[in-house]
Amino acid sequence: MSTTAESASANSEPSLPKGPSARRVRRARMIAQDWIDTEGQRWVFVLKTMLAAFLALWIAFRLGFDSPRGAMMTVFIVALPSSGMALEKSIYRLLGTLIGCVAALTLLALFPQQATLLFIALAVWVGLCTAGSALMRNARSYGFVLAGYTACMIAVPAIDMPLHVFDLAVSRVTEISLGILCAALINDAIFPKHQSEQLVLAVRKLYRDMAQLFHDAMQGRLSPEQLERLHLQFATEVASLESGRAAAFFEAGDVRTRNQQLHAFNSAAMIGLTTFHTLHQLMQRSRNRGDMLVPDVMLPLYAAFSTALMVTDVPARNAVEAGVTREKLIALNQALPQLILDARHEFSQHRFNDQQRLDLDTALELMQRFSDELFQLVSIYHDLPKRLSNINQKNQAKILSYSAKTPPMIAIAAGLRSAAALLLLALAWHALNWPSASGAVIIAVIFCGLAASSPDPSTLIRQTTLGFAIATPFAFVCAFFMLNHVEGYAMLVLAMLPFLMAGAYLSTWRKVAGIGVGFNLMFAQMIAPENMMRFNVVSFFNDSMAQVLGLVLAALMFALILPEHKQGSRRHIADALWGEALRLCISSDTAYLRHHFESRVRDLLNQLNMSIRGTADAATRMTLNQAITLLELGHAIIDLRDLSARLEVGHPARIAKEKCVASLAEYFRRPEASQRERAIAETKLAGKMLRELLLKLQQGEPNLLSQETAQLQRALTDLHLIHTSLLDQSLNNSVTEETQNGALDHAA
């Protein structure tokens with residue numbers, strides 16, 4: 001066999017490059033490939049953006065648009081790496097513009113000669129649109145922003161010329177439509193980069209990362225700090241996968257028909273992760289007490305699952321390889337009852353107390369749930385590439401999508417901030433009597449709306465302001481030292497191209513993307529290319545100062561008006577987490593309660609992660625630990641409510657469990673030490689009641705049916721989970737913080 005291998009190697013040697021020159025060639029190829037994957041992609045994006053922008057400008061010139069720059073600026077705004085993302089943003093931009101035009105025409109018709117009432121109505125409209133944008137926090141939020149500031153862009157200039165308001169609206173819609181069409185055409189015609197391809201990579205990455213987490217945690221390789229970071233990472237990956245799916249929906253392909261599969265994959269990933277973390281935390285709490293009996297008994301089960309997750313020492317790299325994992329899990333599920341019996345037998349060989357017995361029962365129950373959920377996740381992943389007709393109907397059950405939603409108080413504050421900004425700046429405009437002030441008003445309103453849904457509004461406004469400021473002198477040089485000497489469209493392009501390419505290139509770097517976008521928008525705005533060019537130095541400086549001043553005023557609005565009510569506010573996220581836990585206990589609609597709870601908490605974790613700059617501080621880590629503990633509590637409460645609903649009204653076990661859930665609701669409503677102690681006491685009483693019922697069943701009590709045994713045993717494990725979670729240190733810290741905040745509020 002070695003002779004054959006050597007012969008094959010010898011036969012292949014002449015075709016392999018040798019020597020220093022061959023190494024240099026390979027190194028050159030690697031460098032070239034690396035450049036293509038990084039810098040090459042950036043310059044392709046720059047090329048496509050420039051082609052689309054100047055195509056839109058040329059068509060606008062040929063059609064005689066009043067403001068051709070609007071079409072060019074639209075291209076810069078909707079320029080995104082993938083065609084799906086660009087189309088998604090373009091469509092919501094167009095819809096928002098149409099709605100904003102209708103709103104502007106309606107308001108001007110209602111208040112044609114009453115500027116004060118018009119500004120008040122505009123402020124209300126802008127406030128509602130901004131609140132909607134902050135609440136949605138996805139691509140649809142951009143449509144809300146457009147609906148708000150488009151009304152301002154049409155209504156504010158029309159104050160002095162109300163008869164031209166319809167012409168302004170039509171011009172706005174046609175300019176944006178032209179920019180969108182040109183951007184879409186170039187994106188799909190030249191080096192297309194489809195979002196569906198990125199979506200496939202995102203699905204693979206999420207699965208690999210989760211499988212690696214399960215494997216490493218079962219092998220004891222992850223510290224609590226690493227688990228915290230991974231939880232935040234997964235919250236971001238789940239949100240990213242959903243946003244990628246929404247963008248890919250606008251592309252041609254079969255992504256639209258696989259929406260339910262992708263929703264199911266996301267949902268299975270979230271639920272499986274929560275169950276596993278609950279099991280891991282239960283074992284960690286035992287270790288923290290110095291009790292190693294149950295964790296040691298669970299080691300063979302951990303080893304079996306960690307082995308099943310690996311395909312040649314790494315997780316499945318694609319859906320096809322996931323079939324290997326699926327077959328391993330099928331075999332493991334068949335062997336799982338015996339593994340559980342072996343674990344119980346091993347446990348019985350040692351001295352144990354009631355706490356340890358409950359820990360073991362709960363751990364084995366969680367392991368069984370995790371096995372089912374992991375198999376479901378792997379099966380969905382394995383079925384993704386298959387034809388829909390070949391997929392098991394079970395995996396096509398209706399699944400709700402992951403939904404992003406901002407805490408309502410932050411959305412309300414964003415709306416109030418934008419409305420106040422418009423009213424205050426309108427008063428200043430009236431007092432100053434500065435013709436260019438209308439530009440400052442519009443820019444301030446635009447960025448109050450855009451920044452409302454941003455995880456870091458200060459950075460967004462700061463980078464855009466810097467881009468505006470840098471673009472101003474370059475625009476001045478281009479306009480008054482270059483464009484006034486050129487003739488013809490080709491020369492216009494050559495004069496503007498170097499500056500716009502620099503801005504587009506900057507926008508490809510995530511850390512300075514705002515500067516690049518701001519540079520191009522300001523440059524195109526101040527150059528103002530038209531069929532009949534106008535060169536007015538005074539107007540140039542007035543308008544440029546107004547644009548920059550509008551951004552500065554928007555930043556001031558965020559600093560002065562409800563500054564704590566911004567995206568990613570830790571206090572609001574913490575309040576929202578407790579609100580979601582309360583909703584679990586009191587909601588009457590339990591059909592999709594588990595999905596809604598999991599989705600909302602993961603989204604709140606994503607918001608928390610996006611607000612972190614550098615290393616998370618102690619308060620942020622405390623909120624993260626609270627979220628993870630509330631996830632454990634939430635799933636146990638959902639299961640407990642479901643088991644209670646299966647029992648007849650008046651059943652002692654149902655009464656005990658309902659009292660326990662009611663006490664938990666009071667604790668979530670007022671997270672105080674006294675309420676927490678009451679919840680712990682009710683949980684203990686419910687557990688005692690269920691153990692007595694089980695004892696009667698074992699003694700042959702005729703009033704109890706034998707099929708109730710499994711339900712009562714599962715309810716006991718849920719109660720034990722609730723009890724151990726209530727004792728978690730993160731909830732103790734929450735009680736302490738709540739008490740301190742209450743004392744400070746009272747003192748104030």
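In the predicted model, one aromatic cluster is formed by Phe476, Phe480, Phe481, Phe535, Phe540 and Phe541. Aromatic pairs number 28 in the structure. In one of them, the ring centres of Tyr505 and Trp509 lie 6.3 Å apart with the planes at 70°, and the pair is therefore edge-to-face. Trp509 has a relative accessible area of 34% and is thus partly exposed. Trp578 and Phe668 form a further aromatic pair, with 5.9 Å from centre to centre and 55° between the planes, an arrangement classed as tilted. This pair links distant parts of the chain, since Trp578 belongs to helix H21 (residues 570-586) and Phe668 to helix H24 (residues 652-669), 90 residues apart. Trp578 and Phe668 are both buried.

The overall organisation of the chain was examined next. The protein chain contains 27 helices and two strands. Its C-alpha trace extends over about 100 × 85 × 45 Å along the principal axes. Of the 748 residues in the protein chain, 51% are buried. When contacts between residues at least 6 apart in sequence are considered, 78% of them join residues at least 24 apart.

Two packed helices are described by the angle between their axes and the distance between the axes. Helix H16 (residues 437-452) packs against helix H20 (residues 537-560) at an angle of about 45°, and the two axes are 7 Å apart. H16 is therefore oblique to H20. The crossing of these two helices, H16 and H20, is right-handed. On the H16 side, the contact involves Gly439, Ala440, Ile443, Ala444, Phe447, Cys448, Ala451 and Ala452. These residues meet Ala546, Gln547, Gly550, Leu551, Ala554, Met557 and Phe558 of H20. By class, the contact of H16 with H20 comprises 12 nonpolar and three polar residues, with no charged residue.

In the second pair, the axes of helix H8 (residues 195-218) and helix H10 (residues 259-288) come within 11 Å and cross at roughly 15°. Because an angle under 35 degrees counts as roughly parallel, H8 is roughly parallel to H10. The crossing of H8 and H10 is left-handed. H8 contributes Leu199, Val203, Leu206, Tyr207, Met210, Leu213, Phe214, Ala217 and Met218 to the contact. From H10, the contacting residues are Leu262, Phe265, Asn266, Ala269, Gly272, Leu273, Phe276 and His280. The contact of H8 with H10 divides into 14 nonpolar and three polar residues, and no charged residue takes part.

Backbone geometry in the loops was also considered. Phe191, located in the loop between helix H7 (165-189) and H8, has a positive phi of about 45° although it is not a glycine. With a relative accessible area of 54%, Phe191 is exposed. Leu562 likewise is not a glycine but has a positive phi, of about 50°. Leu562 is placed in the loop between H20 and H21, and its relative accessible area of 33% makes it partly exposed.

Asn187 is situated in helix H7 and is buried, with a relative accessible area of 10%. Although Asn187 and Ser82 are 105 residues apart along the chain, their C-alpha atoms are separated by 7.7 Å. With neighbours within four places in sequence left aside, Asn187 is in contact with Lys48, Leu80, Ser83, Ala86 and Pro192. Helix H3 (residues 69-78) has nine of its 10 residues buried, so this helix is largely enclosed by the rest of the structure. The buried residues of H3 are Gly70, Ala71, Met72, Met73, Thr74, Val75, Phe76, Ile77 and Val78.

Conventions:
Residues numbered from 1 in each chain as written. Predicted model: local features only at pLDDT ≥ 70, side-chain atom pairs only at ≥ 80, totals over all residues. Heavy atoms only, no water. Axes fitted to C-alpha atoms, helices over the stretch in contact; angles between N-to-C directions. Helix = DSSP H or I, 4+ residues; strand = E, 2+ residues; numbered from the N terminus. Parallel < 35°, antiparallel > 145°, perpendicular 65-115°, else oblique. Left-handed = near helix turned anticlockwise from the far one by under 90°. Contact = heavy atoms within 4.5 Å. Nonpolar A, V, L, I, M, F, W, Y, C, P; charged D, E, K, R; others polar. Phe/Tyr/Trp six-rings, centres within 6.5 Å; stacked < 30°, edge-to-face > 60°. Buried < 20%, exposed > 50% of the residue type's maximum accessible area, 1.4 Å probe, protein only.
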